[in-house]
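Please look at the sequence and structure below before reading on.

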Amino acid sequence: MSNPALLAAAAVAVTLALISPSVATRANFDPDEFCRGINAGIFPHPDGSLCFQYVSCLFGEGFVYECNEGFVFDADKFVCVPGDWAECEEGGTVDPELERICADVSLGVFEYERDCGMFLFCNRGEAQVMECDANEIWVQERGVCAVGSRDTCEEGDLFCMGRPDGAIEHPDGCHLFIECRNQIHTVVTCSRGYVFDGQGGCVVGHSETCETSQDLCDGDQGVMHPHPEFCDLFVECDGSYMRAVSCGINEIFRYDIQFCVPGNPDTCIPSRPEVACEGRPDGIIPHPDECNMFIVCTNGVSSSHNCPHGEILRPELPFCVAGDSETCEFLDGVCVGRPDGFVIEHPNYCGSFIWCQGGQVQIHPCPAGEILREDMQFCVPGDLNTCEFSPVENMCDGRMEDLRFPHPDRCDQVVICSGGSHSVQSCPPYTIVQPGSIQCVPGNPESCDLYTDMCIGRPDGVIPHPSRCHLFINCQSGQVQLQSCPDGHIFDSSDSQCVPGNVETCDHLDEYCVGKEDGVISHPNRCDLFMICAGGVTTVHPCPTGEILRPDMQFCVPGNSVTCQFDPVEQMCNGREGPLVFPHPYDCSLLVRCQGGQYTIESCQDGAVVQPGRITCVAGNRDTCELYNDRCVGIPDDRIPHPSECHVFLQCNGGATNVQSCPRGTIFQGPSCVVGDRESCELLDQTCEPIRDPTILEHPNFCDLYIECRDGTTTLRTCSPGLILHPNMQVCSPGDSHSCNFREIEDMCVGQPLIRFPPPSQTQCSEYVTCSGGTPTVNSCRDGTVLRPRFLDCVAGNEQTCANFAHICLFRPNEYIAHPARCDMFISCVSEIPNVVDCPAGHIFNSFTRTCVPGDAQTCETFDNLCRGSPNGVLPHPGSCNMFIRCIESNAMVDSCPVGNIFHQASGDCVPGNAQTCNLYNDRCSNQPNGVIEFPGRCDLFIACHEGTSTAHQCPSGEILNVDIQFCMPGNPQTCEFDQDPEDPVLSICQGREDGQFVHPFFCYQFIQCLGGQTIIGTCPAGQIFVPSLGRCAAGDATTCEAEDSGPPGGEVTDDLCTRTGIYNVAHPNLDLCWMYVRGPE
């Protein structure tokens, strides 16, 4: 679309060799007067008789130029073109009515009523009719030329008008999207189970809700998930990649077994077992409801069977293996790395357990009436249905023999059965039952950790207990003996003896207050007590009921004396009528006020803390809680800096200290507040002095503030509400000023007008978000351009470094220059505006000739020397194997191989191969029979084999190869899935057709054999092709498909005839016996 500013100036400065400067002009014409107020532009001479002259304006100064003889100035193209000076019209040919319109207009543009593809340009009273670009019309309301029809004078495509190339949502559903190219739209339909991803492709999703399943796989490898909309599809995960896969006919996906089962895709109801085998071949299929059952199909009849106890069906094998019948997960890996004899509970049957032997799983039952207690590696009495351990009082019911069981709930007790009665025996303190042996050994009753091996390899002596400081372990001959210190003592490992101490904290208390200042201190292991040290003597005092000490405030506050945790603020005033005031339990700058059982939180102002004891706010350090309330003593009335917070200052009045704060984004620099960093306390008011160009800098403390630098001046600015600064792009973008988190893309445009924003987490410099009607669209700049900060427009730039070249065309009004970062592109400067242009494939820009020439885009080297002095012929392309260099008279030309082919240097020709890996496939047909084989990695390509020679071919658009039937059929080249049952089209070829041999649609050395409505693909013997007029194979060239003279009738049936042809039926070699054929062995 045309730029209105350029149209208003009518300026396109073009310098051609045909134009030469001149001073020739009429005496009454003043070029400076003509150009006054115009910065830049080229205009035809206002005197129509001087059509071979034009006026160039530059910063208000005018210059008259004259075309070479035989050329006149073209006002539409702004260049000199061949023409006769004598045919210039005297005085001009502008319509008088148009001159009247422009008579009183110094500069303006107006609608041209005779043709909506033109407009009237007025310049200092002179009228000139100008034309919009092709396929554009003049829109007076906007003062621009816009895409539209000159027949109807209506603007163009409703969907893509004014949009850049790319994809947008379709209004009729998310299974469709609109592709905009050159402002013309095309409707694209996603495959079944896919929805538009908002960026130009289709992803797995729900076509009704339009929700995508992009996070469904979340790194899963080899896992399948149900499709969100269709139960006969499932989502196959491969890391972050996913694809929708279809079950078989009349099957639905069952997630728990990761397999498709018989069912109705419309109702998503699995087939009942009794009908599950209808129409299916004999074999084993999963049960529709239970994974520990399976169905055997015999002649379409179903019979249900159970897997052995503790096993489930592995449907892909199919046979039963150890597994979880609830989750349908297999258990074959649980014993890997386990020692022999290790016991693991079975996930479904607590009366059974898994026994590990040689890394393999064995399933065994507990004795009757018992269930496994895994931590004890032992079966104990319990209920097999509820899997609950029997109550201790019932554990010995019916058990007359003497038995010992680990306690069902505790690791430090055993249950002894004798004559049907029970008794509970506790292990000695700080010992636990050893699994398997049912003996008490040293251990931790809380964690059930054993300490039996602590003395192994140690000399005799004492060592600290691992979890109790009033205990110690005496090692004797590698055996553990557990011993305890006297009450009130703890074990001192440095002296290997017991000393006075705190049993809970293991602190020494024998000299607790010695050397301490008099005052209140915490009790070492009782938070509802506190100690007062006075002259080295310690006394203990209680807090009020329900309160514990907050030492830093020297004040008791509501709390739990058992856990020593302060009550949550919302519970501090429960049961306290008040009025009461407590220091906040964790923050020395807050107070909690209780009144009538309700609480309110009061905050000290910035730079102030609660004074211990008095519960009032005074100047202080909010981090260390240090007080500054005496800083103004002896100081005259004035402002002084706050010692710990630079955005706060102290106002001294008569020795009293008052705290005051600077505005947001500023700090105190006596005697006033200036722009600064609250955290580092660095001044920022001089930040912009060395910066002359307009620049935006982020504020270090507040993301909704920023520093604007202009002409070396620093100014503090605030983003609009709801916006925070995007530092990289130097603009305010939607976000939370408290968390400084940008909004997600889907929420960025809520309440926003038509506007652009950078993406919230910009990883490259070429993306931006466009808001329109509250809806976001993610767009990307084209190759060779980057997003320019502040302006958020796409300009020529380096995509790797993000450097932009927006001003590269300054003072270059019209020329081609090299792209600074891409040699396969160049920049076209038009009116000093850069436009990035691509060179053709295999070419790079030559800065000297200012043209694209054959070259390597990676090394940026031309191919000029490749063909110099070389004979005519072909050479490999240095940077791409699907291209080659054609040398003609020492000049290099770049050619490309057809799809599926790469250049083969040895043969000097294009042969089958992979253009990405450069792997050759020209030997794929070696020792292969004539026919079609798959093209590696591409199902829309195939390789035709004939007598060992390989040729690559491409299926028609929208089709993929079915190698079984040697045909291309409708399908998806990306997923390689057929649009319908791949057998149906083959069956239909011979349905209703009489028996015989017919022409193959692709290859003349193959044919279609119809027999009883069945289709067989046949191949002619070597050196023969199928001749339709004969209805059989005859001598011919498979490359040109031209038949040779087959000679006189005759022929002999030989034993190897069918072996050579590789098909069941072939024509009789005797042409006189054309009603006969030879049938090969079954």
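In what follows, Ala, Val, Leu, Ile, Met, Phe, Trp, Tyr, Cys and Pro count as nonpolar, Asp, Glu, Lys and Arg count as charged, and the others, Gly among them, count as polar. The model is predicted: local features need pLDDT of at least 70, side-chain atom pairs count only at pLDDT 80 or more, and totals for chains, interfaces and linings use all residues. Residues are numbered from 1 along each chain as its sequence is written, and side-chain values use heavy atoms, with hydrogens and water left out.

**Cavity**

- A cavity is a set of points on a 1 Å grid over the protein atoms alone where a 1.4 Å probe fits but cannot get out, and its lining residues have an atom within 4 Å of a point.
- Grid points are joined across faces, edges and corners, and the volume is the space filled by probe spheres set on the points.
- The count by this rule is one cavity of 30 Å³ or more.
- The largest cavity holds about 40 Å³ of space.
- Its lining consists of R254, I257, P286, H287, E290, C291, M293, L313 and P315.
- By residue class, the lining of the largest cavity has six nonpolar, one polar and two charged residues.

**Disulfides**

- A disulfide is taken as a pair of cysteine sulfur atoms within 2.5 Å, and the structure holds 48 disulfides.
- For accessibility, buried means under 20% relative accessible area, exposed means over 50%, and partly exposed lies in between, with a 1.4 Å probe and protein chains only.
- C231 and C268 are joined with an S to S distance of 2.1 Å, and their link is left-handed, with -95 degrees about the S-S bond.
- C291 belongs to the loop between β23 (283-286) and β24 (293-298) and C328 to the loop between β27 (319-322) and β28 (343-345), so the bond ties together parts 37 residues apart in sequence.
- Both C291 and C328 are buried, and C291 is also one of the residues that line the largest cavity.
- In the disulfide of C350 and C387 the sulfur atoms are 2.1 Å apart, and the S-S torsion is about -90 degrees, so this link is left-handed.
- Distant parts of the chain are linked here: C350 is in the loop between β28 and β29 (352-357), and C387 is in the loop between β32 (378-381) and β33, 37 residues apart.
- C350 is buried, at 13% relative accessibility, while C387 is partly exposed, at 35%.

**Open sheet of β33, β34 and β35**

- Strands are DSSP runs (E, at least two residues), numbered from the N terminus, and two strands pair if DSSP finds at least two bridges between them.
- Three strands form an open sheet with antiparallel pairing, in the order β33-β34-β35.
- β33 (403-406) and β35 (421-426) are the edge strands, each pairing on one side only.
- Neighbouring strands of the sheet are turned by 25 degrees against each other on average, direction ignored; axes are lines fitted to C-alpha atoms, and angles run from 0 to 180 degrees between N-to-C directions.
- Six bridges pair β34 (residues 413-418) with β35 in the antiparallel sense, and C417 stands opposite H422 in β35.

**Hairpins**

- β13 (residues 176-181) is mostly covered, with five of its six residues buried.
- On one side, β12 (residues 166-169) runs antiparallel to β13 and is joined to it by four bridges; E169 stands opposite F177.
- Six residues separate β12 and β13 in their hairpin, and G173 in the turn has a positive phi of about 150 degrees.
- β13 also pairs antiparallel with β14 (residues 184-189) over six bridges, where V188 is the bridge partner of F177.
- The hairpin of β13 and β14 has two residues between its strands, including N182, whose positive phi is about 55 degrees.
- β61 (residues 723-726) and β62 (residues 731-734) pair antiparallel over four bridges, with S733 in β62 as the bridge partner of I724.
- Four residues lie between β61 and β62 in their hairpin, and Q730 in the turn has a positive phi of about 60 degrees.

Methods
1 Å grid on protein atoms, 1.4 Å probe; cavity = no way out; pocket = protein on both sides within 12 Å on 5 of 7 lines; lining within 4 Å.
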